[in-house]
Amino acid sequence: LRSEVVRQRISFERDKVNFRARWEEAETELTQNILAAKDRLSKVFLAEDLLTLISRICTELHVGSLRADITLYKTAIALAAWEGRLKVVAEDIRQAAKWVLAHRRRQQPFQTPNDGPDTNDLLDELMDSLPQDQDDKNKEQQPPPDGSPPPEGSEDDRQDSADDTPPTDSSESPSEEPKEQAN
């Protein structure tokens, strides 16, 4: 891959006009795909069970901060939007986890990446723990195409799409402060 990048650079430096012409169509198509995904992004829905899966993955992999959970859900939503869907599926989370978590696993001094659970094995185990029909259910239950919220009380209740937090169960309010538990 590195040598291909260098080859492309050499080609560009030798003949900028032809290089640009050769890549113009691909670049235009990529730009259109990015803009379409960007338009879809605020409409993509993340089901509560998949949000829980994200937290379980981060917990089981001993990830030290909540930033990983947040980055993982945002990456999964972006991936669904890129692929033209309005609903995150478990496979989006699996792919996003590979991108997001590799460098975030908590490690002690002298600990190597091989000293903890294998990321792929753990992802397989956690994905297998989802009910078999759950991923199909998540694929089928697309939110309304106009971006309006689903009917009150449905499993797909979600927050305003302009909010930067993951859509969650309507019984949770993002503006409420966490309640302290009595010891």
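Where is the place of Glu-29? Glu-29 has its place in helix α2, which covers residues 16-41; helices (H or I, at least four residues) and strands (E, at least two) are DSSP runs numbered from the N terminus.

1. On the model itself. This is a predicted model, in which local features need pLDDT of at least 70 and side-chain atom pairs count only at pLDDT 80 or more, while totals for chains, interfaces and linings use all residues. Residues are numbered from 1 along each chain as its sequence is written, and side-chain values use heavy atoms, with hydrogens and water left out.

2. On the overall make-up. The protein chain has 7 helices and 0 strands, and its elements, read from the N terminus, run α-α-α-α-α-α-α. Of its 183 residues, 31% count as buried, where buried means under 20% relative accessible area, exposed means over 50%, and partly exposed lies in between (1.4 Å probe, protein chains only). Among the contacts (heavy atoms within 4.5 Å) with a separation of 6 or more, 67% are made by residues 24 or more positions apart.

3. A nonpolar surface patch of about 290 Å² is made by Leu-30, Ile-34 and Trp-82. Patches are made of residues with over 30% relative accessible area and no salt bridge, with like charges joined within 9 Å and nonpolar side chains (Val, Leu, Ile, Met, Phe, Trp, Tyr) within 5 Å. Trp-82 lies in helix α4, residues 67-82, and is partly exposed, with a relative accessible area of 41%.

4. On the negative patch. Glu-29 also belongs to a surface patch of negative charge, together with Glu-24, Glu-25 and Glu-27. In this count Lys and Arg are positive and Asp and Glu negative, with His and the chain ends not counted, and the place of a charge is taken as NZ of Lys, CZ of Arg, CG of Asp or CD of Glu. Glu-29 counts as partly exposed, because its relative accessibility is 47%.

5. On the salt bridges. A salt bridge is a side-chain nitrogen of Lys or Arg within 4 Å of a carboxyl oxygen of Asp or Glu, and by this rule the count comes to 5. One of them joins the side chains of Arg-9 and Glu-13, at 2.8 Å from N to O; both residues lie in helix α1 (residues 2-14), 4 residues apart, which is about one turn of the helix. Arg-9 is partly exposed at 48% relative accessibility, and Glu-13 is partly exposed at 49%.

6. Glu-91 forms a salt bridge with Arg-94, the closest N and O atoms being 3.2 Å apart. Glu-91 is partly exposed at 44% relative accessibility, whereas Arg-94 counts as buried at 16%. Both lie in helix α5 (residues 90-100), 3 residues apart, about one turn of the helix. Salt bridges that share partners also join Glu-83, Arg-85 and Asp-92 into one network.

7. On a backbone detail. His-62, found in the loop between α3 (48-60) and α4, has a phi near 60°, a positive value in a residue other than glycine. His-62 is partly exposed, with a relative accessible area of 44%.

How values were computed. Accessible areas come from the Shrake-Rupley method with a 1.4 Å probe; for residues, only the protein chains shown count as cover.
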